Amino acid sequence: MEELYRIENLGKSFGNKKVLQNINLKIFKGEIFTFMGPSGVGKTTLLRLLNLLEMPTTGTLIFDGNDNAILQKNNVMRRMSMLFQRPAIFNTSVFNNVAYGLEIRKVDKKTIEKKVIDALAIVGLAGCEKQKALTLSGGEAQRMAFARAIVFKPDVLLLDEPTANLDPANVAKIEDIIRKIRNELGTTIILASHNIHQVRRLADRVGILLNGELIEVNTKEQIFTHPFDARSYAFINGEIIY
Amino acid sequence: MSTADFLVQGIIKAFELIFSLNPYIMSITGVSIQVSGMATALATLTAIPLAFVISFMKFWGKQALITLINTGLGLPPVFVGLFVFLMIVPVGPLGFLNIVYTKEAMILAQYILITPIITGISLAAIKAVPKLIIETVYTLGGTEKDAAVATLKEARFGIITAVLAGLGRALAEVGAILIVGGNIARTGSVGRIGEGLSETRTLTTAITSETSKGDISTSIALGIILICLVLSVNVLANYFQRRD
């Protein structure tokens with residue numbers, strides 16, 4: 001499999017507080033990779049580093065063979081997209097929200113119209129183009145955010161607990177969308193979640209984060225049946241509670 | 001004549017002056033709108049970019065600038081009037097401009113008074129835009145310029161409210177423009193109600209002079225127009241606040 005990310009000895013500190021340390025990892029194109037761990041272990045910070053929203057304190061980050069990714073931040077970020085736990089909605093229509101990423105890339109109007117309609121169809125919001133985005137329900141807003149994130153076909157989609165605030169029906173819809181994005185568009189998905197069941201349903205490979213360290217990276221099957229690290233076993237079995 | 005009769009007659013006469021589009025009243029209204037409108041436009045051109053620079057850029061003296069703006073929110077108009085007057089008198093540093101007792105001097109005084117108001121309220125509107133909106137712009141591939149534009153769009157109603165608040169303050173201001181403008185009417189209105197044409201006389205300064213002359217009906221007419229103008233501005237500001 002082709003590498004998309006290679007991370008070596010990555011670390012991040014805020015002042016004296018070390019949030020992440022010695023992260024070594026490869027993420028491959030087209031996979032669904034999940035960071036799993038309890039709240040507050042650095043999952044969001046790691047996603048923000050991968051999205052280049054934050055700069056690492058130590059280590060190197062190579063994106064698609066480019067070891068100058070950090071220096072060429074603006075160009076590299078254009079190939080990524082990230083979704084937060086709660087989507088930020090622009091105070092305008094659903095169409096304008098979804099079209100945003102294309103507009104800043106100076107795509108022509110006709111293409112924008114077609115791509116927005118296609119993206120809304122993928123997330124099950126066809127026909128909602130003219131609706132005010134602020135009037136959408138929580139689940140619909142998150143789905144609109146997915147459409148906005150994929151409309152310009154990023155190479156990688158980073159998802160930070162995208163279903164944390166949603167009801168089971170909407171969780172199922174979002175998970176279907178995640179599978180569809182990977183299967184139909186070939187987008188690499190990197191998901192941060194503390195929900196073991198969701199990780200089991202979605203992930204190809206899993207990295208377990210504890211106290212800012214990546215203690216184990218393996219296939220989903222291996223992690224859930226025979227984890228190497230005793231702490232992974234303890235977390236999966238609900239014995240580590242933070 | 002009782003006080004009530006006196007007032008009723010004053011109000012009736014005031015409406016006659018307004019509905020007959022009395023040239024004196026209309027010229028005063030025109031000067032008010034012209035001076036306050038121009039001061040607001042210039043202050044907006046300064047205040048909004050300034051609010052964005054303060055919000056998005058790191059620079060030495062930023063906190064001092066914010067303190068200066070906050071201080072400016074409560075500037076006493078007469079002090080600003082005196083300050084501008086001392087600057088523009090022939091022996092002052094801006095004496096070469098030769099603008100004492102002109103509309104330009106009044107615009108300058110109002111500009112100084114309302115720029116901090118528009119900047120301060122715009123700053124608050126920009127700060128109220130969630131950080132997540134700006135981060136979302138970056139995650140979608142936007143640059144710092146895109147983030148600033150998105151913030152402007154998100155804060156638009158708050159910024160419009162700021163501009164309207166500045167305009168309202170300018171229209172209602174009296175002390176500063178009285179000092180630097182001189183409250184001049186071209187042919188004077190002494191002796192006859194509603195006579196003359198305004199040079200630097202505005203609704204507020206005219207009310208003070210007409211009242212002191214005892215021309216109550218003209219004062220009431222000017223007051224009604226002033227209240228209508230300020231009320232319209234506030235209704236608009238409320239409308240945009242509700243949309244925010």
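Helices here are DSSP runs of H or I with at least four residues and strands are runs of E with at least two, numbered from the N terminus. You're looking at a predicted model, where local features need pLDDT of at least 70, side-chain atom pairs count only at pLDDT 80 or more, and totals for chains, interfaces and linings use all residues. Residues are numbered from 1 along each chain as its sequence is written, chains are lettered from A and ligands numbered from 1 in the order written, and side-chain values use heavy atoms, with hydrogens and water left out.

Start with chain B and colour it by secondary structure: eleven helices, zero strands. From the N terminus on, the elements read α-α-α-α-α-α-α-α-α-α-α. The C-alpha atoms fill a box of roughly 75 × 45 × 25 Å along the principal axes. Of the 244 residues in chain B, 46% are buried (under 20% relative accessible area, 1.4 Å probe, protein chains only).

Next, select S1 (residues 3-14), S2 (17-28) and S4 (58-63) of chain A. They make an open, antiparallel sheet in the order S2-S1-S4; two strands pair if DSSP finds at least two bridges between them. S2(A) and S4(A) each have a single partner strand, so one side of each has no neighbour in the sheet.

Zoom in on S1(A) and S4(A), joined by five bridges. Show Arg6(A) there: its bridge partner in S4(A) is Ile62(A).

Finally, pick helix H1 (residues 43-50) of chain A, which packs on the sheet and touches S1, S2 and S4 of chain A (contact means heavy atoms within 4.5 Å).

Notes: Axes fitted to C-alpha atoms, helices over the stretch in contact; angles between N-to-C directions. Buried < 20%, exposed > 50% of the residue type's maximum accessible area, 1.4 Å probe, protein only.
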